Number of protein chains: 2
Amino acid sequence: MATLKVPACVPSVQEDVEQLHEAFQGWEENEEVIISILAHRDAAQRKAIRELYAECYGVDLLKVLEKELHSDFERAVLLWTLEPCERDAYLANEATTKWTSSNQVLMEIACTRSPQQLILAREAYHARFKRSLEEDVACYTTGDCHKLLVPLVGTYRYPGIEADLTLAKSEAKILHKKIGSAEFCDDEIIRIFTTRSKAQVNATLNQYRNEYGHELVKDLEGHSDDAFVSLLIGTIQCLAYPEKYFEKVLRFGIHKFGTDEWALTRIITTRAEIDLKFIKDEYFRRNSVILEHEIAKETSGHFGKMLLALLGHEEVKEKENVVGFVEA
Amino acid sequence: MATLKVPACVPSVQEDVEQLHEAFQGWEENEEVIISILAHRDAAQRKAIRELYAECYGVDLLKVLEKELHSDFERAVLLWTLEPCERDAYLANEATTKWTSSNQVLMEIACTRSPQQLILAREAYHARFKRSLEEDVACYTTGDCHKLLVPLVGTYRYPGIEADLTLAKSEAKILHKKIGSAEFCDDEIIRIFTTRSKAQVNATLNQYRNEYGHELVKDLEGHSDDAFVSLLIGTIQCLAYPEKYFEKVLRFGIHKFGTDEWALTRIITTRAEIDLKFIKDEYFRRNSVILEHEIAKETSGHFGKMLLALLGHEEVKEKENVVGFVEA
C-alpha cells in the first residue's frame, strides 16, 4: 500500500505548471510550493506536469529543479519527479559508477521491482545511457558479487503465482546441502535465486523451513561478514519479504553514525507509490517507534518536509488551499 | 529483406477464415488452400485470421491445423502460423527439452533477434510455459555452453548504432590475448559477447581485424571441434553477419547425410518476413546454385511447396485466383 496522498480534487496540469513556474521566479518559499505540488501527484500526474512544463517554457522541469534546489532536498525532489523506470535506471547507473557504486542498490532494484518494471528500467537505461544495464553491471562489478549481480539484473522472471512444490522440495534440498558445506557462491544457489519466479522462490523457502525447522536465512547469517553472503541474504529478503528488507535499510539509515540521507531518500521515493505503508507498519513492529517521528528527528528543513510528505504525514492541501497559499 | 509475398489485393479476413474452414471440411486439396492463404499473409494478417477463426468456430486454428496436417508440412505450417514471438518461445522451449535439445537453436534465437524481439519472445515464454526462458536454459544446459547460453538468452542489449571505438580497441586486445592463450570459456569473452550491443561487437571485430590482420573467427576455427568454441563462433556470426550464419545452416541442412527438414523449416519460417532475401543471395554467392532449386530437389509434396512459397518462389495468387481456385 502506498503512502502518497493525492488531493481528492487535483488542480489542472496547467495550474500546477503555472504555480511551479511562478515559484521559481520568486525569492522565497518556492520550496513549499514545490512540495505541495510535486509530493502530492502520482507518477502519471508528474509526467504530465513535466511534459506540459517543457511545452510551455521550453525547458525540462528537472533541469530547473536541479538549478533551483540544493543538497539532499534537490536529490529527493529530482528522484521523486523522475518516472519510476527512469529513476531506477538513474539509481542503477549511479550504483555502477565509481564513488557511488553499490552492489546493494543494484540487487535491490533487480529483486524488489516486478519483472515488467525491471524490463522498463532496463529500457530507460538504454535510452538514457546508450548502454545496457547488464553491460555496465558486468563491467563494473567484480568477484563473487559479480557472479550474482549479472544474472540478477538480467533476469525476466515469470510473474505468475503458480509454484511447483516438488521442484521447491528438491531445490530446498540443494540449497541446504550447498549452504551446509559453505559453498555459498555456488552455481546452483545463484541459478535458483536469479531465475526462479518470486512465487517459486517463496515456495522453496517454505519447504526449507518445513524440512529443516528454521529459515534458510538463519543458516547464512553466521557468515554475513562475507560480502557475497550479505548480498545473498539481501537478495532473498528482497524476493521474499521486501518490506522487511526496506525496514532494515531505513533502520540502518536512521541509526547509523550520521544519518544516511541517500538511503532514506532512495527508499522513500521509490516505495511511496507502492508499499511504503507496509514498510512503515513493519518499522513500527520492529522498533516500537513511528517511522515519521524518526525521520522528523533525523532530518531537517525542506528535505525533511519532502520525505514526510511522501510518507503521507503532511496534510494534503486541497485545491483551494494550494491556490490560497500561493496567493498569500 | 523479406521473401514473403502478400497479394496486392488481399481478401478480407472473413473470406480467408471461411475458405480455410471450408478446406478443412473437404476430402482433398485442402493443403493447397492452406498454402495459398497462410503462406501469403504477414504476421499481423495471420494473427487476425487466427483470432477471427477462434471467434467464428470456437476453436484455435492451430489445433485444427495440428489435427488436419502431418509430419514436416504440419510443422512448417504451425511454426509459420504462430506469431513470431510465440514461435521463438516454442522453438526455444523445444531446444531446452530432452531429445530436441539444441544449444545452437537457443544461441540463434538469442543473437539474431532484435533486443525488443527477444524480450517479446521471453514474454511469450512466460505466457505459454509458466516459467522464464532463462530459468529453463539455466536448468537444462550444462558445462561451458551453459556459461555462455544463460547470459545470452537473458541479455537485453542496447539497440542503438553508436559504438565506442576506444572501448572496441581495448576489448579487441582482451579477446586477442584470451584466444591466443586458448582461454575460450573466459569470463571476459563471455561478458563481451553477451552484453555489448551488436554495433559495439561489430566495432570490436573490426578493430580486431585492423589490429591483427585477420578475422577473430579465424583464430577460433582451428578449435571448432570443441562444442563451446563452435557455439562461440555461431554467436559471433549471428551477432555480426547473421545472413552468413543462416546460409551455413541451410547449406548443412541440405547437404548433410539426409536432409535436415527441421533446420530448413526453422530458418525459412523465422526469416521469411525478415531477411530471407539476403540469405538467398548469400546462398547463391557461396554455393553458385539457387536456394529454391536445392530446396525443390531435397523436399517433396506440400512441405516443399510450403517452403518454396515462403521463399517467394511460388507465384502469388491474387484475390480472384484464390477465390476461383477454391470454387473450382
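A:Glu282 lies in helix α18 of chain A, which spans residues 276-287. Helices here are DSSP runs (H or I, at least four residues), strands are E runs of at least two, and both are numbered from the N terminus. The model is predicted: local features need pLDDT of at least 70, side-chain atom pairs count only at pLDDT 80 or more, and totals for chains, interfaces and linings use all residues. Residues are numbered from 1 along each chain as its sequence is written, chains are lettered from A and ligands numbered from 1 in the order in which they are written, and side-chain values use heavy atoms, with hydrogens and water left out.

A:Glu282 counts as buried because its relative accessibility is 9%. Buried means under 20% relative accessible area, exposed means over 50%, and partly exposed lies in between (1.4 Å probe, protein chains only). The side chain of A:Glu282 makes a polar contact of 2.5 Å with that of A:Arg285. Such a contact is a pair of N or O atoms within 3.5 Å; within protein, one must be able to donate a hydrogen and the other to accept it, and residues adjacent in sequence count only if both atoms are side-chain atoms. Beyond neighbours within four places in sequence, A:Glu282 is in contact (heavy atoms within 4.5 Å) with A:Glu243, A:Lys244 and A:Glu247.

A:Glu298 belongs to helix α19 (residues 291-298) of chain A. With 30% relative accessibility, A:Glu298 counts as partly exposed. Its contacts, leaving aside neighbours within four places in sequence, are A:Ile254 and A:Thr259.

Chain A also meets chain B. The contact involves 23 residues of chain A and 23 residues of chain B. The two chains bury about 2200 Å² between them, 58% of it on carbon and sulfur atoms. Buried area is the accessible area (1.4 Å probe) lost on putting two parts together, summed over both.

Two salt bridges cross this interface. The rule asks for a side-chain nitrogen of Lys or Arg within 4 Å of a carboxyl oxygen of Asp or Glu. A:Glu135 and B:Arg196 form a salt bridge through their side chains, at 2.7 Å from N to O.

On the chain A side, the elements giving two or more residues are α8 (115-129), α9 (133-140) and α12 (187-195). Helix α8(A) supplies the largest share, five residues.
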